[in-house]
Amino acid sequence: HGGDDGRVLARAARGGYDLVIAAGTTRKALDDAARDHPRASFAVVDVSRESLPSRPANVRGLLFEEQEAGYLAGYLAGLVAKEAAAARRIGGAGGGRRTPEVDRYTAGFQAGARAADPKVELLNAYAGGVGDRARCKELALDQIAQGAAAVFPVAGRCGLGALEAAGERGVWGIGVDVDRLSLGSHMLTSATKNADVAVFLTIQAARDGRFAGGEDVVFDVASGGVGLGEISRFVAPELVVRVKQVQAALAAGRVADIPETPRAPG
């Protein structure tokens, strides 16, 4: 609740800490705490400082290039779909609801899949919520019935239903945000967001006197802020090599202009 968030942040700000890191808090609570405690320094995960009502000068937003992680997952999915005997179709990339983060994952996934196989067909859907596992499972089963070789749900807990459907129907599932390979042998890989890396680098900057508020810092493949989780041992080694080459190209800045807005599927 916003009130609880505000009390926790205010208590931390009064505690004399060098840096207060917020995650999962409301924008209003963070904005109020930063405004009321201008000498405290704050960092916030997944929230732009520019989105806060007063744009406080003592807040740093920690953001991520989700489209880069999506691109890598999509590239691998495109490769395995192309290799499969079934139609070149990939399901999912369907978020629980439309948010900038979901769009970036989805757009990157689409671009990566098409880079691996220009003929791939993407079956996209939105569940409309992040908590309804049954709804995501239903959408994934429909996409699998249409010939999807893999599903990539960007939908929080709802997405676990889609991954469950992938396991039941014997197609690949692709996790998001955290490494989901442990869910079973049907998991291909995961598009990961490494908030731990972002927080560690932020703490390191504060320790070294390099922390500054009033800005957003964006973490990408090059910084280790986003990437690809473990890849299934059942994937052909030559495909893994190709994905690793693309990851190195991304880190070196040789893959540019990955879209942040999804295209129409098909």
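In this predicted model, the backbone nitrogen of phenylalanine 234 sits 3.1 Å from a polar atom of the serine 232 side chain. A polar contact here is a pair of N or O atoms within 3.5 Å; within protein, one must be able to donate a hydrogen and the other to accept it, and residues adjacent in sequence count only if both atoms are side-chain atoms. As for the ground rules, residues are numbered from 1 along each chain as its sequence is written, and side-chain values use heavy atoms, with hydrogens and water left out. Since the model is predicted, local features need pLDDT of at least 70 and side-chain atom pairs count only at pLDDT 80 or more, while totals for chains, interfaces and linings use all residues.

Serine 232 itself belongs to the loop that runs between strand S10 (226–228) and helix H8 (237–251). Helices (H or I, at least four residues) and strands (E, at least two) are DSSP runs, numbered from the N terminus. With a relative accessible area of 6%, serine 232 is buried; the cut-offs are under 20% for buried and over 50% for exposed, with partly exposed in between (1.4 Å probe, protein chains only). Setting aside neighbours within four places in sequence, serine 232 has Trp172, Leu181, Met187 and Leu188 as its contacts, where contact means heavy atoms within 4.5 Å.

Leu188 also turns up in the largest nonpolar core, which holds 45 residues; Ile90, Phe109, Phe152, Ile174 and Leu188 are the ones that touch the most other members. Helix H3 (residues 66–83) supplies the largest share of this core, at ten residues. A second, separate core has 14 residues, among them Ala29, Ala34, Ala40 and Leu52. A nonpolar core is a set of buried Ala, Val, Leu, Ile, Met, Phe, Trp, Tyr and Cys residues joined through side-chain atoms within 4.5 Å.

Turning to the strands, an open sheet of four runs in the order S1-S2-S3-S9, with parallel pairing. Strand S1 (20–22) and strand S9 (215–219) are the edges, each pairing on one side only. From one strand to the next, the twist averages 25 degrees. Strand S3 (residues 59–64) pairs with S9 in the parallel sense over five bridges; two strands pair if DSSP finds at least two bridges between them. Leucine 62 stands opposite valine 217 of S9. Helix H7 (residues 195–207) packs on the sheet, where it touches S1, strand S2 (42–45), S3 and S9, and its direction makes about 145 degrees with that of S3. Axes are lines fitted to C-alpha atoms, for helices over the stretch in contact, and angles run from 0 to 180 degrees between N-to-C directions.

Another parallel pairing joins S6 and strand S7 (residues 172–177), over two bridges. Here the bridge partner of valine 151 is glycine 173 in S7. Strand S6 (residues 148–154) is mostly covered, with seven of its seven residues buried.

Serine 48 lies in the loop between S2 and S3 and counts as buried at 17% relative accessibility. Apart from residues up to four places away in sequence, serine 48 touches Leu63 and Asp216. Serine 48 and leucine 63 are 15 residues apart in sequence, and their C-alpha atoms are 6.8 Å apart in space. A polar atom of the serine 48 side chain also lies 3.0 Å from the backbone nitrogen of glutamate 50.

Glutamate 50, in turn, forms a salt bridge with arginine 55, the closest N and O atoms being 3.4 Å apart. A salt bridge means a side-chain nitrogen of Lys or Arg within 4 Å of a carboxyl oxygen of Asp or Glu, and by this rule the count comes to 15. Both partners count as partly exposed, arginine 55 at 46% relative accessible area and glutamate 50 at 39%. Lysine 137 meets glutamate 164 in a salt bridge (3.1 Å, N to O). Glutamate 164 lies in helix H6 (residues 156–169) and lysine 137 in helix H5 (residues 133–145), so this pair ties together parts that are 27 residues apart in sequence. Lysine 137 also bridges to glutamate 168, with the closest N and O atoms 2.8 Å apart. That pair likewise links distant parts of the chain, from helix H6 to helix H5, 31 residues apart. Glutamate 164 is partly exposed at 35% relative accessibility, as is glutamate 168 at 43%. Elsewhere, Lys28, Asp31, Asp32 and Arg35 are linked in a network of salt bridges.
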